[in-house]
Amino acid sequence: MWRLPRALCVHAAKTSKLPGPWSRPAAFMSTLLINQPQYAWLKELGLREENEGVYNGSWGGRGEVITTYCPANNEPIARVRQASVADYEETVKKAREAWKIWADIPAPKRGEIVRQIGDALREKIQVLGSLVSLEMGKILVEGVGEVQEYVDICDYAVGLSRMIGGPILPSERSGHALIEQWNPIGLVGIITAFNFPVAVYGWNNAIAMICGNVCLWKGAPTTSLISVAVTKIIAKVLEDNKLPGAICSLTCGGADIGTAMAKDERVNLLSFTGSTQVGKQVGLMVQERFGRSLLELGGNNAIIANVLYGPLHTKQAVSMFLGAVEEAKKEGGTVVYGGKVMDRPGNYVEPTIVTGLGHDASIAHTETFAPILYVFKFKNEEEVFAWNNEVKQGLSSSIFTKDLGRIFRWLGPKGSDCGIVNVNIPTSGAEIGGAFGGEKHTGGGRESGSDAWKQYMRRSTCTINYSKDLPLAQGIKFQ
């Protein structure tokens, strides 16, 4: 599908709160995919019919029970008990206690733990990638590829753990040293969306860990099984190394948990991936407490897949697709291909091409998150560059050209204003060596490679006087 952050607020079916151990008729349990022979591999990931969605060194959960569904056929997979507000409070306390231990471990040794996490993910890459395909809906090779991204960022972080450091700067005062010192910020909250339920957590988690931070993860409710399965893999590594499990905590939940994280002063950095609409609310809540946020919000650079692609994630997404097609028609567009829901089980829709719209049509500026391609004719380079930049989202962009001058104008100050600017490749996909993120309504955050590690640390400018004098800067002398 597409390499775009997307809305966190998606729907999952809920059952009533259950006071104690789950007790359901055997016939009811048998309807879950996890109990069918062809899905027995799910249990290799430690999953069961009913799964605890809170981890802070031990597993639990006292919130609502949700059922997650396979978007390819809308069949129920399994259930997850989410976190209550009390679970969240308990987990934050345990995570902050775990930080006291983790922050004292030298960075290269923290890197060794991250290396082991990467190796553990490698061992489960096929089965975990299959779960991504089953629960999220992307094709299998992309599901496996997403786990590979987490593996790759672990490798990247291991090397980074031996290279993080600030410069020693020349001081203008004799007998003085000027040093830039970087320290961990503490607790990093990570809220991820359904479309990349493994990779986005991995980008944040691996780098945050080698920087000396502990992590608290809240994934999308509709991909809760993935969150549980990934956390089980990490928890085993921490346990084997006799480290507190709360270093990588999990609180599955909905908007109540997300809001608590945004408002909580104990969360030193909140990394949020989701829609621009929700991201605005998150950003305001974090800013109100003068906290740090890393926002990866909406994009609008759809790429069509005519041959091989998966279903939309939910029935709601199918409705949004149909609504966008109708709105495009109302605004004067012509559907020249597709535009319909496929007559088959699951949330499959036809890849769709729309022509005849104006470049400023409201639907073309709306992120539908569906396989719809709007085609526009332009007269010259300046015009089309301006059209690219007039869209409020600024995640990814691409141009196809053999003109060397046009390439560098596209990359330059009057070219694309997106965070990712490509030439002769599509807008989807990104390597972990470069920072991933966008500008404008995409939030401005950066994850993964480059100098993204700095977001997970605090910087101190330190002056050390090793002389016997007390000179002031700028040559000031009090007479």
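For the charge count, Lys and Arg are positive and Asp and Glu negative, with His and the chain ends not counted; each charge sits at NZ of Lys, CZ of Arg, CG of Asp or CD of Glu. On that basis, the protein chain has 50 positive and 47 negative charges, and their mean positions are 3 Å apart.

A quick word on what you're looking at: this is a predicted model, where local features need pLDDT of at least 70 and side-chain atom pairs 80 or more, while totals for chains, interfaces and linings use all residues. Residues are numbered from 1 along each chain as its sequence is written, and side-chain values use heavy atoms, leaving out hydrogens and water.

Now for the build. The protein chain folds into 12 helices and 23 strands (DSSP runs of H or I with at least four residues, or of E with at least two, numbered from the N terminus). Its radius of gyration is 24 Å, close to the 23 Å from the globule rule for 479 residues, so the chain is as compact as a globular protein of that length. That radius is taken over C-alpha atoms, and the rule is 2.2 Å times the number of residues to the power 0.38. Along the principal axes, the C-alpha trace spans about 85 × 65 × 40 Å.

Lastly, zoom in on an open sheet of three strands, ordered E7-E8-E23 with antiparallel pairing; strands pair if DSSP finds at least two bridges between them. E7 (168–169) and E23 (457–465) are the edge strands with a single partner each, so one side of each has no neighbour in the sheet. Two bridges join E7 to E8 (residues 176–184), and isoleucine 168 stands opposite isoleucine 179 in E8.
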